[in-house]
Amino acid sequence: MNCKGFSIPRDISILMRAIFEIVKWTGKVHRHGFNNIIISLSSIKETSPVSDSDLFYLKKLHRILYFILTRILHHKNPCTIASLSIFDICKEKKINCALVVGVKKDGKTIKGHSWVEVNGAAVNEYKVFLDTFTRMKEV
C-alpha cells in the first residue's frame with residue numbers, strides 16, 4: 001500500500017519510531033513542561049556529517065510525525081513534539097543540529113513555534129514561514 005511517499009510494510013519501522021517518539025515526548029512535556037525540557041537539553045558535542053540517507057530519514061519522519069499529531073491526534077502544538085523527536089534522533093546519530101524556539105506577534109496574540117535545523121537548514125519547514133518568527137532560544 002502506497003500513500004504520499006510512504007509504503008506499508010516497507011516503512012513500518014519509521015511509523016513505529018514516530019509512534020514511540022510521540023508517546024515518549026508527549027509524556028515528558030506533560031510531566032515537565034516544554035520550557036523545562038528545553039532548558040535541560042544540551043547541544044551535541046561531537047558531530048558527524050549528515051548523510052543524504054539520514055537527511056531523507058529525518059524529513060520522512062518529520063512528515064509522519066506531523067501527520068499523526070495533526071490529522072489523527074489533533075494536537076494543538078505538533079511542532080513541540082516533532083522538534084523534540086527530531087532533535088533527539090539527531091543527538092542519537094550525532095548529527096550537527098539545533099533545536100530552535102521562536103515567537104511572533106499575530107494581532108494581539110503571541111504565537112510560538114519550534115523547529116530543528118540540520119547544518120543551518122530547517123528540516124521540512126518553509127524559510128518564509130520561519131522568517132516571521134523571532135528566535136528566542138537555540139539549543
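You are looking at a predicted model, in which local features need pLDDT of at least 70, side-chain atom pairs count only at pLDDT 80 or more, and totals for chains, interfaces and linings use all residues. Residues are numbered from 1 along each chain as its sequence is written, and side-chain values use heavy atoms, with hydrogens and water left out.

Let's start with the rings. Rings of Phe, Tyr and Trp (its six-membered ring) pair if their centres lie within 6.5 Å; planes under 30 degrees apart are stacked, those over 60 are edge-to-face, and the rest are tilted. By this rule there are two aromatic pairs. In one of them, the centres of Trp 115 and Phe 133 are 6.2 Å apart and the planes stand at 55 degrees, so this pair is tilted. Trp 115 belongs to strand β4 (residues 109-118) and Phe 133 to the loop between α5 (127-130) and β6 (134-138), so the contact ties together parts 18 residues apart in sequence. Helices (H or I, at least four residues) and strands (E, at least two) are DSSP runs, numbered from the N terminus.

The rings of Phe 129 and Phe 133 have centres 5.1 Å apart and planes at 75 degrees, so that pair is edge-to-face. Together, Trp 115, Phe 129 and Phe 133 make one aromatic cluster. How enclosed are its members? Buried means under 20% relative accessible area, exposed over 50%, and partly exposed in between (1.4 Å probe, protein chains only). Trp 115 is buried at 2%, Phe 133 is buried at 8%, and Phe 129 is partly exposed at 35%.

Rings also meet charges here. A charge sits over a ring if NZ of Lys or CZ of Arg is within 6 Å of the ring centre and within 35 degrees of the ring normal. The charged end of Lys 28 sits over the ring of Trp 25, 4.8 Å from its centre, and that of Lys 93 sits over the ring of Tyr 57, 5.2 Å from its centre.

Next come the salt bridges (a side-chain nitrogen of Lys or Arg within 4 Å of a carboxyl oxygen of Asp or Glu). The whole structure holds eleven of them. One joins Arg 17 and Glu 92, at 2.9 Å from N to O. Arg 17 lies in helix α1 (residues 12-32) and Glu 92 in helix α4 (residues 78-92), so the bridge ties together parts 75 residues apart in sequence. Another pairs Glu 117 with Arg 135, with the closest N and O atoms 2.3 Å apart; it links strand β4 to strand β6, 18 residues apart. Glu 117 is buried, at 10%, whereas Arg 135 is partly exposed, at 40%. Arg 135 also bridges to Glu 138 at 2.9 Å, N to O, and Glu 138 is partly exposed at 47%. Elsewhere, shared partners join Arg 17, Glu 21, Lys 24, Asp 88 and Glu 92 into one network.

Finally, look at α4 itself. Twelve of its 15 residues are buried, so the helix is largely enclosed by the rest of the structure. Among the buried ones are Pro 78, Leu 84, Phe 87 and Cys 90. Their cover, counted by contact (heavy atoms within 4.5 Å), includes α1, α2 (34-40), α3 (52-72), β3 (97-106) and β4. Just after α4, Lys 94 takes a positive phi of about 55 degrees.
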